[in-house]
Amino acid sequence: MEKELGFLLLNRTPGGITLTKEGQLFAVFAQKVLDEQQIFWRQIENLQPHIDVKQVGVLTLNVFGLYEVCVLPEILKKFCLHYPNVTIHTIAMDQYTIEESFCSSQDNLVGMITLPSAEVEQYSAYLHDRQLVFVPFGEGNYHLCCNRNHPLLNTHGTEISLKAAMQYPLIQYSISNTDDSQNDTLHRLLNQYGYGSKVYNLTVQSLHTWIANLLYSHKIGFLHEFILQDMKNHYDIFRELAILKTKETLSGTLGCIVQKNCSSLVRCFMD
C-alpha cells in the first residue's frame, strides 16, 4: 500500500511500529471509506430480493373471484423470487368450498377471497369459531363498465345510480365454474340495495368475451378497482371502455383465509 500511495504509513523502529503523520491522515480517510462501503452494501442488499433456498414445500392457494388472473400473478412473481424452491398450486373455487377445504387440515393452505366490506367483521368472528383467520389486505369499490356510447352516459353523466344501471342487462366475468350467484360478492353487494333478484344476463370466463359484449352491446358490468387497475395496465383494449362510479357504494375487501396456527410457509406467503 505504501508503494502504491508513494509515502510511508508506518514508522518501523526496534521499539515498535507507529503511524506516520501521513499514516494517521490515511487511517481517518480509510475509516470513512469503510463506513461508506458498508452503507453501499446495505443499499445493494435492499435492492436485491432476499432468496431463501431453505424454505421448501408445496403451497396450495384456493382462489375465489378474479385473483387468479389479476391480483395473484404479481404476488406470485415476488414470492417465487424470494422462495424459488417452493411449489405453488392454485385452484379456482367458490367461497364455501374454500372454507370447507380447511377441514382436511392441510398445513400449507391459503384461501383468497373478495368479501363485501360490510361483512368483514361478522365474517372474521364466524371464522374465529372454526380456528381460521381472515387477513384483509386491500379494500376498494366496484365500478360500472360499459361502452362509451352507452345510453347511460348520454342521460346520466359519469356518476350513475344503480336504479338507472339495473335497467340494462348485466354481464358477469368470473373464473369460477359455479353458477351459484348467491355466493358471488357483487350479487351480495347489489342485494344490500334491493337488486339481489337481478340475474346475470350472461356469465363468461373469458376477459375478451366480457369486454367484447360490453363494447358492442348495451350490457353493463362491474369490476373491483384493484382488478380494473391491473387490467388497464395489461390490456390496451380495456381503455376503450367507459369506467363509471355509482352513486351507491359497492365496497369489497380482498383478503386471505388461513389457519390460526398456520405453517411457516404460509407465514412467508402472508409477509
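**Close-up views of the predicted model**

**View A. Arginine 130 is partly exposed, with a relative accessible area of 27%.** Arginine 130 is paired with glutamate 99 in a salt bridge whose closest N and O atoms are 3.8 Å apart. The two partners come from distant parts of the chain, 31 residues apart: arginine 130 belongs to the loop between helix H5 (120-128) and E6, and glutamate 99 to helix H4 (residues 95-101). Glutamate 99 is buried, because its relative accessible area is 7%, under the 20% limit.

**View B. A salt bridge joins the side chains of arginine 188 and glutamate 119.** The N to O distance in this pair is 2.7 Å. Arginine 188 is part of helix H8 (residues 185-191), whereas glutamate 119 sits in the loop between strand E5 (109-116) and H5, so that the bridge links distant parts of the chain, 69 residues apart. Arginine 188 is buried at a relative accessible area of 17%, while glutamate 119, at 24%, is partly exposed. Elsewhere, salt bridges with shared partners connect Glu99, Glu100 and Arg130 in one network.

**View C. Arginine 12 and glutamate 2 form one of the five salt bridges in the structure.** Their side chains meet at 3.0 Å, N to O. Glutamate 2 is in helix H1 and arginine 12 in strand E1 (residues 10-13), so the contact ties together parts that are 10 residues apart in sequence. Glutamate 2 has a relative accessible area of 18% and is therefore classed as buried, the limit being 20%.

**View D. Met1, Leu5 and Phe7 make up a nonpolar patch on the surface.** Together these residues present about 280 Å² of accessible area. Methionine 1 is located in the segment before helix H1 (2-5). With a relative accessible area of 61%, methionine 1 is exposed.

**View E. The second largest pocket has a volume of about 330 Å³.** Its lining consists of 15 residues, and those that lie nearest the centre are Ile75, Cys268, Phe269, Met270 and Asp271. Two or more lining residues are supplied by each of helix H3 (71-82), strand E6 (132-147) and helix H11 (264-270). Of the contributing elements, H3 gives the most, with five residues. Sorted by class, the lining of this pocket comprises 11 nonpolar residues, three charged residues and one polar residue.

**View F. Aspartate 236 occupies the loop between helix H10 (225-234) and strand E11 (241-246).** This residue is exposed, since its relative accessible area of 56% is over the 50% cut-off. For orientation, the C-alpha atom of aspartate 236 is separated by 27 Å from that of threonine 155, and the two residues are 81 residues apart along the chain.

Conventions. Residues are numbered from 1 along each chain as its sequence is written. This is a predicted model: local features need pLDDT of at least 70, side-chain atom pairs count only at pLDDT 80 or more; totals for chains, interfaces and linings use all residues. Side-chain values use heavy atoms; hydrogens and water are left out. Helices (H or I, at least four residues) and strands (E, at least two) are DSSP runs, numbered from the N terminus. Buried means under 20% relative accessible area, exposed over 50%, partly exposed in between (1.4 Å probe, protein chains only). Patches are made of residues with over 30% relative accessible area and no salt bridge: like charges are joined within 9 Å, nonpolar side chains (Val, Leu, Ile, Met, Phe, Trp, Tyr) within 5 Å. Accessible areas come from the Shrake-Rupley method with a 1.4 Å probe; for residues, only the protein chains shown count as cover. A salt bridge is a side-chain nitrogen of Lys or Arg within 4 Å of a carboxyl oxygen of Asp or Glu. On a 1 Å grid over the protein atoms alone, a cavity is a set of points where a 1.4 Å probe fits but cannot get out, and a pocket is an open set with protein on both sides within 12 Å along at least five of seven lines; lining residues have an atom within 4 Å of a point. Grid points are joined across faces, edges and corners, and a volume is the space filled by probe spheres set on the points. Ala, Val, Leu, Ile, Met, Phe, Trp, Tyr, Cys and Pro count as nonpolar, Asp, Glu, Lys and Arg as charged, and the others, Gly among them, as polar.
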